[in-house]
Amino acid sequence: MVVGEQTLQGQELKTLSINTIRTLAIDGVQQANSGHPGAPMGLAPVAYLLWQDFLRYDPADPTWPNRDRFVLSAGHASMLLYAILYLTGVRGVNPEYDKLGDFAVTLDDIKKFRQLDSRTPGHPEYRMTAGVETTTGPLGQGIGNSVGMAIAAKWLGEQYNRPGFEIFDYNIYAICSDGDLMEGVGSEAASLAGHLRLSNLCWIYDNNHVTLDGPAAWSFSEDVGARFKAYGWNVAHVTDANDLDALGKAYHNFLQNSERPTLIIVNTHIGYGAPHKQDTNAAHGEPLGEEEVRLAKKSYGWPEDAKFLVPDGVLEHFQQGIGARGRGLREKWTKLFAEYGKKYPELADQINRMQHRQLPSGWDKNLPTFPADAKGVATRESSGKVLNAIAQNVPWLIGGSADLATSNKTTLKGEGIKDFEAGSYGGRNFHFGIREHAMGAALNGMAVSKVRAFGATFFNFSDYMRPSIRLAALMEMPVIYVYTHDSIGVGEDGPTHQPVEQLASLRAMPGLVVLRPADANEVVEAWKLVMQLRDKPAALVLTRQAVPTFDRTKYAPASGVSKGAYILADAADGKPSVILMATGSEVSLCVNAYEQLKTEGVKARVVSVPSWDIFEKQSDAYKREVFPAEIRARVAVEMASTFGWSQYVGLTGTVIGMRRFGASAPIKELLKKFGFTTENVLAAAREAIAKAK
Ligand SMILES: Cc1ncc(C[n+]2csc(CCOP(=O)(O)OP(=O)(O)O)c2C)c(N)n1
Ligand SMILES: [Mg+2]
């Protein structure tokens, strides 16, 4: 049965619009011959009503700072988002998110779903498509991000609102699936959001009873509502996703709750009315196939042969709904913000700078410099000092630790600096609790909200948050990770707490800046560099134990950090017989060896290598200057996996590193056992020279 044009126009506009979302998703997936049509089909009414009637969002400016955020945590349902972005006419923006362009998603883009260079990649990607608030796909990350967004919104409101000037009062909505709620990060994030009583946060759970493998019940049987109530959430139920009244009541229920986050559990049917499909779970994660596409369209009263059909009136319907409503809200806000700027020019300036990821002028004033000191100071200690100096000049530098703030030295001190906690949202010190993964995900959500966010833990536990680090790198978010206790130097805590392979694995991640400074003054330079990053996350890898502060009148200045690797000490004629290279705490071993060799008349060079990735970006000429090809005698020293060092020492070079896990013992014994002594470096240097001859 082909439904004629007239019948279509006779349908209620709401249903027509909802079914347009559904059929666009079906056709996009079918054309790509890959993707998930099921979730968009089930969720279409949920997304429709939210956007059309509730979301405070102006499609004409997806960068409006006070817009409500919509996160599709179930990123595999990306066609739902693309259909909405197209139908509501969301404008495009450039990758820096500071200039408006044409449309974020056109019908043509939907036809190119999942194709190379299209604006409709398989999963929603920040920076690729305007209107995508964060990259989702790895389940659990989007809802984790949403907690960071809600944190940022609360913080911004507390920091910048003034009587009569509610500059920031936006809400965060996230759609999540069974998978989102099964993943551990989702649970950590929900626990944190409940604890912080983030009443601006609303998760909408697509309770469709299926996952890819089959019925969700095969692997998921807990009472989700009871779990969230126990977390301190407000829980609402909608028994049928097609019941727009019930959905509307649930959204109102969220908006009226000022005490706690809200979970709306929505029962959806992944099928479309065709009885033989409704009760099976077959193929909901793959294209329907031509025949099923027809049956689905038929059940929606759609012309079975039409593809990518957008019936007359649908685009206008959205323009008259969210388009008009959103424009009004944004225009009102723009006027308010202009008034605010007159009354509070300094605050408005801060907001503008933050929105463009610019630092305040004088952000680096009063940075410490550290005098030479043979006993020295742990790099975590010097980092704490530098962080505090910068934080005084950058009001929106905020963050905290996963329960290790006193160890990580990340506590911000100073007049008026408080903790961020439930009911007191202006604080700058965060207690993420023992939830590294949720911290990582929340940091991403904070960073997309434009605050400058940092998070800290023991370096070894960076593994617990790695999936979120990866998304920060993919999204080009300037999140700052402060990782202390960076090696077997941890000592007695033993191999469970001693990182070995983490440096190599993080160095392998595209876009992530990894810095392991050698002394206090390298720490200063490292922080300077990190603060100026606008589109890269950075990991500062810091020691627990003291390291000497080098005499910079004798050795090269620490500003060499900005090149990733630099000659710290050299032969007088610049023609050494051996190059000793190291990062972090091992640089001093090389310096000691260098001094000893010097007394013996052996010419050595010490290269400090705080960052491989930054060094790789330098010119070939600079790289050759640091590592001249003709000098074959090379020794690298690092208390970590040797993986990768051959690119600097060459196949015949020596690496003093870790080829096994560490051990529990006092640090002195460990250094001896694993060969991190001046004597061992000396021996390796002599051997390397002999071999090169
Ligand atoms: C971390 C992670 N693991 C696995 C996947 C692959 N994956 C995509 S969708 C999905 C599960 C689908 O079930 P559900 O979450 O209930 O979503 P629905 O299919 O019902 O929309 C899986 C396992 C993923 N995207 N992320
Ligand atoms: Mg499901």
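Here are some questions and answers about this predicted model.

Residues are numbered from 1 along each chain as written, and chains are lettered from A and ligands numbered from 1 in written order. Local features need pLDDT of at least 70, side-chain atom pairs count only at pLDDT 80 or more, totals for chains, interfaces and linings use all residues, and side-chain values use heavy atoms, without hydrogens or water.

Reader: Which protein residues are donors of the magnesium ion (ligand 2)?
Author: Donors are N, O and S atoms within 2.8 Å of the metal (3.2 Å for Na, K and Ca), and sites may look incomplete as water is not among the atoms. Along the chain, the donors here follow the spacing D-x29-N-x1-V. Lying 2.1 to 2.2 Å from the ion, they are Asp-178 (OD), Asn-208 (OD1) and Val-210 (O).

Reader: Is Ser-17 buried or exposed?
Author: Ser-17 sits in helix H2 (residues 13-32); helices are DSSP runs of H or I with at least four residues. Leaving aside neighbours within four places in sequence, Ser-17 is in contact (heavy atoms within 4.5 Å) with Tyr-48, Val-314, His-317 and Phe-318. Buried means under 20% relative accessible area and exposed over 50%, with a 1.4 Å probe and protein chains only. Its relative accessibility is 0%, so Ser-17 counts as buried.

Reader: How far apart are the end C-alpha atoms of helix H6 (residues 141-160)?
Author: The expected span is 1.5 Å times one less than the number of residues. Helix H6 has 20 residues, so it should span 28 Å. The model agrees, with the end C-alpha atoms apart by 28 Å.

Notes
Helix = DSSP H or I, 4+ residues; strand = E, 2+ residues; numbered from the N terminus.
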